[in-house]
Amino acid sequence: MKTLLIISHPNYQESMGQQFLKESILGFEDVTIHHLDSCYGTSAIDIATEVSLLKEHDRIVFQFPLYWYSSPSLLKEWQDQVLSSLSSGALKGKAFGLVISVGANQKDYRPGGKLGLTMEHILAPYQALANYFEMIYLPHFAINQFVYQTDAEKVSLVTDYQYYLTGPANQSLAERTQWLISHLKRSQHKDQAKLQLLVGALEENAETLADLNDTLSEMTAEGGY
């Protein structure tokens with residue numbers, strides 16, 4: 001599955017969080033990084049090129065900082081020009097996701113929180129966009145207060161981010177485990193012995209999950225579930 005990562009961030013090169021994310025996916029041949037501000041900072045949007053990129057990829061992800069509960073202006077302009085040129089079925093079946101960097105605390109975006117709205121409410125227009133184009137809308141991926149994250153949290157962030165961009169869209173536990181096994185086998189981590197132990201444990205777990213899935217399928221077929 002090829003992923004088109006459309007980034008809108010006017011201070012992309014200076015952003016520690018954005019550069020951290022960029023470095024985590026360098027070398028991923030199935031991810032195309034497309035920074036709009038670098039391409040169209042002072043020039044008109046090339047609609048034909050943008051449409052070709054959309055059609056060449058299976059998963060489309062918008063990545064941007066949340067500015068006053070919306071995207072930066074260039075991404076909105078991109079939507080107005082590029083998406084308006086497409087028919088409603090042009091992107092049918094493609095996966096569509098959002099990677100949002102947020103300066104506020106996660107607890108602000110929940111019922112009873114400071115804003116009184118969840119992130120799902122704020123991002124609802126993007127779900128409507130996905131529905132209009134008959135795309136598969138993925139749960140959003142929010143990164144709250146990156147500068148305050150611990151090293152352990154950043155390590156977890158890298159794996160989750162890589163999976164969001166390249167893992168199975170339906171994100172079942174068995175498929176996520178298989179993706180992680182494949183990912184770890186390609187890793188160049190210095191402690192290969194410990195890495196192999198982890199891979200072995202995950203492979204045993206994957207076999208158990210497969211057996212459970214087969215049993216569940218049999219029960220369903222027999223009408224016992």
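Which elements each supply at least two residues of the lining of the largest pocket? They are α5 (119-122), β6 (141-144) and α7 (151-166).

**Overview. A predicted chain with 9 helices and 6 strands.** This is a predicted model, in which local features need pLDDT of at least 70, side-chain atom pairs count only at pLDDT 80 or more, and totals for chains, interfaces and linings use all residues. Residues are numbered from 1 along each chain as its sequence is written, and side-chain values use heavy atoms, with hydrogens and water left out. Helices (H or I, at least four residues) and strands (E, at least two) are DSSP runs, numbered from the N terminus. Mean pLDDT, the predictor's confidence in each residue on a scale from 0 to 100, is 84 for the chain. A value of 70 or more is reached by 75% of the residues. Strand β1 (residues 3-7) has the highest confidence, at 98. Helix α9 (residues 192-221) has the lowest, at a mean of 60.

Of the 225 residues in the chain, 40% are buried. Buried means under 20% relative accessible area, exposed over 50%, and partly exposed in between (1.4 Å probe, protein chains only). The accessible surface comes to about 12,800 Å². Carbon and sulfur atoms hold 53% of that surface. Areas come from the Shrake-Rupley method with a 1.4 Å probe; for residues, only the protein chains shown count as cover. A contact means heavy atoms within 4.5 Å. Among contacts with a separation of 6 or more, 71% join residues 24 or more positions apart.

**View 1. The largest pocket, with a volume of about 390 Å³.** Its lining has 18 residues; Q106, F141, A142, I143 and N144 are the closest to the centre. Helix α7 gives the most to this lining, with 5 residues. The lining divides into 8 nonpolar, 7 polar and 3 charged residues. Ala, Val, Leu, Ile, Met, Phe, Trp, Tyr, Cys and Pro count as nonpolar, Asp, Glu, Lys and Arg as charged, and the others, Gly among them, as polar. A pocket is an open set of points on a 1 Å grid over the protein atoms alone, with protein on both sides within 12 Å along at least five of seven lines; lining residues have an atom within 4 Å of a point. Points are joined across faces, edges and corners, and a volume is the space filled by probe spheres set on them.

**View 2. The second largest pocket, with a volume of about 270 Å³.** Of its 15 lining residues, S15, G17, S101, V102 and F146 are the closest to the centre. Two elements give two or more residues to the lining: α1 (16-24) and β4 (95-102). Helix α1 gives the most, with 4 residues. The lining holds 8 nonpolar and 7 polar residues, and no charged ones.

View 3. A cavity is a set of grid points where a 1.4 Å probe fits but cannot get out. The count is 1 cavity of 30 Å³ or more. Its lining consists of L54, I60, F62, W78, L83, L91, F96, L129 and M135. These 9 residues are nonpolar; the lining has no polar and no charged residues.

**View 4. The buried side of helix α1.** G17, Q18, Q19, L21 and S24 are buried in α1. The buried residues of this helix pack against β1, β3 (59-65), β4, β6 and α7.

**View 5. L66, in the loop between β3 and α4.** L66 is buried, because its relative accessibility is 14%. L66 touches I100, S101, V102, Y109 and M119, not counting residues up to four places away in sequence. The C-alpha atoms of L66 and I122 are separated by 10.0 Å, although the two residues are 56 apart along the chain.

View 6. Most residues other than glycine have a negative phi. Y69 lies in the loop between β3 and α4 (73-82). E134 lies in the loop between α6 (124-132) and β5 (136-137). Y69 is partly exposed, with a relative accessible area of 40%. E134 also counts as partly exposed, at 40% relative accessibility.
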